[in-house]
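Hi there,

Here is the structure I promised to pass on to you. Open it up in your viewer, and then read on for what turned up in it.

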Amino acid sequence: MKAAVLRIAGGAENFSVEEVAMPTPLKDQVLIKIKAFGLNRSELMTRKGLSPDVQFPRVLGIECVGEVENDPSEILAKGQKVAAFMGGMGRDFDGSYAQYTVLPKDIMMPFESTLSWEILGALPEMFQTAYGSLHRALKIKAGETLLIRGGTSSVGLLALQLAKEAGLFVISTTRSEDKRDLLIDNGADAVLIDNGNLSETIKNQNQFKIDKVLELIGTTTLKDSLKTVISGGSVCMTGMLAEQWSISDFAPMDYIPATVNLTVYNSGQIRIEAKYFQEFVKDIEKGFIKPAIKRIFNLDEIVAAHHFMESSSGGGKIVVLP
């Protein structure tokens with residue numbers, strides 16, 4: 001089978017598409033024929049050597065959709081559609097940048113759908129992250145005002161649609177005036193141009209009272225985001241578009257405003273049940289949700305795909321077809 005192998009950390013050119021041996025599933029594992037997978041910024045960080053404890057060579061990829069090729073337990077039938085994500089994929093063991101992969105059964109979700117693989121490949125991690133951040137971490141409620149910081153990212157665009165569907169007033173941000181229409185077209189009630197000091201912008205405008213913030217930029221803007229919410233409001237840091245893991249000299253009493261809540265969402269720790277993913281897929285089939293897909297590559301183009309991800313300024317998910 002073909003796989004994109006990363007033998008040493010570094011630039012995208014370090015990927016090598018090679019013929020490798022087909023893996024064999026052990027107990028509680030399943031051999032999956034990969035039909036599509038989405039690219040994620042965390043894979044960019046792993047490729048650069050910024051993910052702790054990842055050993056090389058490694059096949060990256062933290063998510064995929066595909067069909068069961070072999071389940072030794074015979075619980076899942078051959079051809080069953082499945083989505084898989086996180087749980088060590090592409091870090092502790094080889095992931096989805098391949099035509100086949102062996103995965104633990106407990107990180108897979110069987111589902112049914114008539115959608116194309118191109119669309120399905122964009123969904124697993126994007127859905128888990130957006131849905132989990134909004135409903136599990138922020139506990140959004142109809143009538144609240146939500147600020148999405150990093151709104152033109154694939155997760156930001158999906159979170160915008162899910163929050164509107166749930167009855168929230170949504171303000172989304174972009175650093176580029178050119179992206180304003182993209183956010184409006186996806187349902188944003190208001191768009192703010194992010195100059196790095198949104199708390200001052202919101203304070204000066206005075207018409208917005210922010211209940212919740214979905215922070216997708218990460219550690220570089222988190223402190224400012226905490227200043228944007230009302231007393232009793234909540235900020236969920238989910239994304240790390242800024243590619244910086246930690247905060248230097250973090251002093252909680254100075255960093256977090258009094259009575260403001262700070263939380264995180266990590267789909268590697270908490271999984272949204274398969275039934276919600278199936279409902280989400282059905283909503284797409286009915287046209288209620290329109291996931292943003294920016295570009296599609298094939299596996300032989302993995303170097304170009306990573307270059308595109310690294311240079312891209314959002315606007316949708318990048319999908320690869322093996």
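Let's begin with T173, which sits in strand β9. (Helices, H or I with at least four residues, and strands, E with at least two, are DSSP runs numbered from the N terminus.) T173 is buried, at a relative accessible area of 2%. Here "buried" means under 20% relative accessible area, "exposed" means over 50%, and "partly exposed" is in between, using a 1.4 Å probe and protein chains only. Not counting residues up to four places away in sequence, T173 touches L147, I148, R149, G150, G151, T152, L183, L192, D194 and L198. A contact like that means heavy atoms within 4.5 Å.

Before going further, keep in mind that this is a predicted model, where local features need pLDDT of at least 70 and side-chain atom pairs count only at pLDDT 80 or more, while totals for chains, interfaces and linings use all residues. Residues are numbered from 1 along each chain as its sequence is written, and side-chain values use heavy atoms, with hydrogens and water left out.

Which strands make up the open sheet, and in what order? There are 6 of them, running β10-β9-β8-β11-β12-β13 with parallel pairing. (Two strands pair if DSSP finds at least two bridges between them.) β10 (190–193) and β13 (261–264) are at the edges with a single partner strand each, so one side of each has no neighbour in the sheet. From one strand to the next, the twist averages 20°.

Look next at β8 (residues 145–149) and β11 (residues 210–215), which pair in the parallel sense over 4 bridges. In that pairing, R149 is opposite E215 in β11. Then find helix α6 (residues 198–205): this helix lies across β8, β9 (169–174), β10 and β11, and runs at about 130° to β10. For that angle, axes are lines fitted to C-alpha atoms (for helices, over the stretch in contact), and angles run from 0 to 180 degrees between N-to-C directions.

Now jump to F37 in strand β3 (residues 29–38). Is F37 buried or exposed? F37 counts as buried, with 0% relative accessibility. Leaving aside neighbours within four places in sequence, its contacts include E63, C64, Y97, L299, I302 and P322. Also have a look at I62: it is 25 residues from F37 along the chain, and their C-alpha atoms are separated by 8.6 Å.

**A covered strand**

β5 has antiparallel pairings with two strands you can check. With β4 (residues 63–70) it pairs over 5 bridges, and C64 is opposite A84 there. With β7 (residues 108–110) it pairs over 3 bridges, and here A83 is opposite M109.

**Salt bridges**

Side chains of opposite charge can pair when their charged atoms come close. We call it a salt bridge when a side-chain nitrogen of Lys or Arg is within 4 Å of a carboxyl oxygen of Asp or Glu. How many salt bridges does that rule give? The count comes to 15.

R47 counts as buried at 2% relative accessibility, whereas E310 is partly exposed at 33%.

K48 forms a salt bridge with E310 too, with the closest N and O atoms 3.1 Å apart. K48 is in the loop between α1 and β4, 262 residues from E310, and counts as partly exposed at 30% relative accessibility. Together, R47, K48 and E310 are linked in a network of salt bridges.

Finally, there is the salt bridge between E285 and K282, where the closest N and O atoms are 3.4 Å apart. These two are 3 residues apart in helix α9 (residues 274–285), so about one helical turn separates them. E285 is partly exposed, with a relative accessible area of 28%, and K282 is partly exposed at 34%.
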